[in-house]
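These are my notebook entries on a structure that I went through chain by chain. I wrote down what I looked up and what I found.

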Amino acid sequence: MFKSLIEKNEKRSQLSIMAQYLNTSFMISTIENEYLVNIEKGVVKNVEEGPFVMPSYVFKLTAPKNEWIKFLQHIPEPGSHDIIAMLRRKVLKFEGDLHPLMSHLLYFKLLLASLRPAESKNEN
Amino acid sequence: MKIEKEPISGQYGKFKIDGIDFRIYWEEAGQGIPLVCLHTAGSDGRQYRALLNDKKILKKFRVIVFDMPWHGKSSPPENAKVGNYKLSTDFYISQIMSFINGLELVKPVVMGCSIGGRIILHLAINFPDKFRALIGLQSAGHLDPYYDISWLHRQDVHGGEVCGGIAYGLMAPTSPESDKFETMWHYMQGGPGIFKGDLFFYKFDGNIGNEIKKIDNSKCPIYLLTGEYDYSATPEETKSLADTIGIEMIKMKNVGHFPMSENPKEFLKYLHPVLNKIS
């Protein structure tokens, strides 16, 4: 679900400029699965899919899979269009050391939103 | 080269607010019924740039937008210190009333968004006879904190970056990217701790509770409009407010928390009929 966050062909080079001093690892959880994302100088270098035995990461974003699916629609519905909107609905939890996330909030929002399809598919 | 001039003029003036001198900047355009517009927390009057350029509105209304003290081109007071700013309900009311009295506006319409959408409720409770009408954009009677606002002002996080990131998410994915960017940019230009200081009013001091029942719509007509993508003041919360006051709310499609700035074209479709009723 989140494997395609790995940078290919510098398609997110503009986004990386917004986080050019950021080196971190964070976990995305869909409850049933986990994705460990490694970022170096604002570039996603690696995404590992769980299960993990002893994962090491700085912070973790947890939401049920169906909520991530709603977030990743071409045009998400109100309340699913932003990670803070999901936080507000209490369907997403932020955990750990949130400094890398909050100091690069727009970067992380746009990074996750970059997985949305450019055009609408039949979403039903 | 010929430039495309806008009909807006800007001015500075000294206003006494609660006994203290403040240098305030405001912009205005049009003539007729005074329409004072209040910007959101942590931003400034540029949010109303489309209204100040809307020919239809300017024929009947004198649109006036001031930057709150500490915001935009308005100054902080003398002896100000970084980190001390906290917007209280009383100070917010005082600055609005000082501005209106200073410009000798008679029975203006006041329209506010977000914190402005909250303060118009306080105006309706305290001074219903002073206004021709009140318009609340993204109004809610109270807001329980849903994220830790200390992130908005700490020295190890760039305030402009984090405030912009917060504001960006409050807009609709369907709003034009250029208007969304400009709206976010205003947040990125705010002073340290100002957005957070405004939220003291929005999330704590300005919560209304049962006082809302004191609003009498027959004394001063109130109009409430809320964008469907707003998760700060949700349409459901505005609806509950409207039900208590006994009025209909208008839910705006395809906009979020900053209708007048993030998608002016869409917003004006909803605002024009309201202003027609008022005029």
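**Entry 1: chain B as a whole.** I began with the secondary structure of chain B in this predicted model, and I found 9 helices and 8 strands. I then looked up the radius of gyration of chain B, which is 17 Å and close to the 19 Å that the globule rule gives for 279 residues, so chain B is as compact as a globular protein of that length. Along its principal axes, the C-alpha trace of chain B spans about 50 × 50 × 45 Å. Before going into detail I checked the confidence: the mean pLDDT of chain B is 97, and 100% of its residues reach 70 or more. For the model I noted an ipTM of 0.94 and a pTM of 0.96.

**Entry 2: the sheet of chain B.** In what order do the 8 strands of chain B lie in their sheet? I read the order as β1-β2-β4-β3-β5-β6-β7-β8, in an open sheet with mixed pairing. The edge strands of chain B are β1 (9-17) and β8 (249-252), and each of them pairs on one side only. Neighbouring strands of this sheet are turned by 25° against each other on average, if direction is ignored.

I then looked at one pair inside the sheet, strand β3 (residues 33-38) and strand β5 (residues 109-113) of chain B, which run parallel and are joined by 4 bridges. Within this pair, B:Val36 stands opposite B:Val110 in β5(B). Helix α9 (residues 264-278) of chain B packs on the sheet, where it touches β4 (61-66), β5, β6 (133-137), β7 (222-227) and β8 of chain B. The direction of α9(B) makes about 160° with that of β8(B).

**Entry 3: a helix pair in chain B.** I next asked at what angle helix α2 (residues 89-102) and helix α3 (residues 115-126) of chain B pack. The angle is about 75°, and the axes of α2(B) and α3(B) are 10 Å apart. The two helices α2(B) and α3(B) are therefore roughly perpendicular to each other. I listed the residues that meet: B:Thr89, B:Tyr92, B:Ile93 and B:Ile96 come from α2(B), while B:Ile119, B:His122, B:Leu123 and B:Asn126 come from α3(B). By class, this contact of α2(B) with α3(B) has 5 nonpolar, 3 polar and no charged residues.

**Entry 4: chain A as a whole.** Along its principal axes, the C-alpha trace of chain A spans about 35 × 30 × 25 Å.

**Entry 5: the sheet of chain A.** The 5 strands of chain A form an open sheet in the order β3-β2-β1-β4-β5, and the pairing is mixed. Which strands of chain A stand at the edges? They are β3 (43-49) and β5 (93-96) of chain A, each with a single partner strand, so one side of each is left without a neighbour in the sheet. Neighbouring strands here are turned by 20° against each other on average, again with direction ignored.

Strand β1 (residues 24-29) of chain A is joined to β2(A) by 6 bridges, and the two run antiparallel. The bridge partner of A:Phe26 in β2(A) is A:Val37. The hairpin of β1(A) and β2(A) has 4 residues between the strands, and in this hairpin A:Ile31 takes a positive phi near 75°. Strand β2 (residues 34-40) of chain A is in turn joined to β3(A) by 6 bridges, and this pair also runs antiparallel. A:Leu36 stands opposite A:Glu48 in β3(A). The hairpin of β2(A) and β3(A) has 2 residues between the strands, and there I found A:Lys41 with a positive phi near 50°.

**Entry 6: where the chains meet.** Last, I asked how many residues of chain B are in contact with chain A. I found 17 residues of chain B in contact with 15 residues of chain A. By class, the side of chain B that touches chain A has 10 nonpolar, 5 polar and 2 charged residues.

How values were computed. Residues numbered from 1 in each chain as written. Chains lettered and ligands numbered in written order. Predicted model: local features only at pLDDT ≥ 70, side-chain atom pairs only at ≥ 80, totals over all residues. Contact = placed C-beta atoms within 7 Å. Nonpolar A, V, L, I, M, F, W, Y, C, P; charged D, E, K, R; others polar. pLDDT = per-residue confidence, 0-100. Axes fitted to C-alpha atoms, helices over the stretch in contact; angles between N-to-C directions. Parallel < 35°, antiparallel > 145°, perpendicular 65-115°, else oblique. Pairing = 2+ DSSP bridges. Rg over C-alpha atoms; globule rule 2.2 N^0.38 Å.
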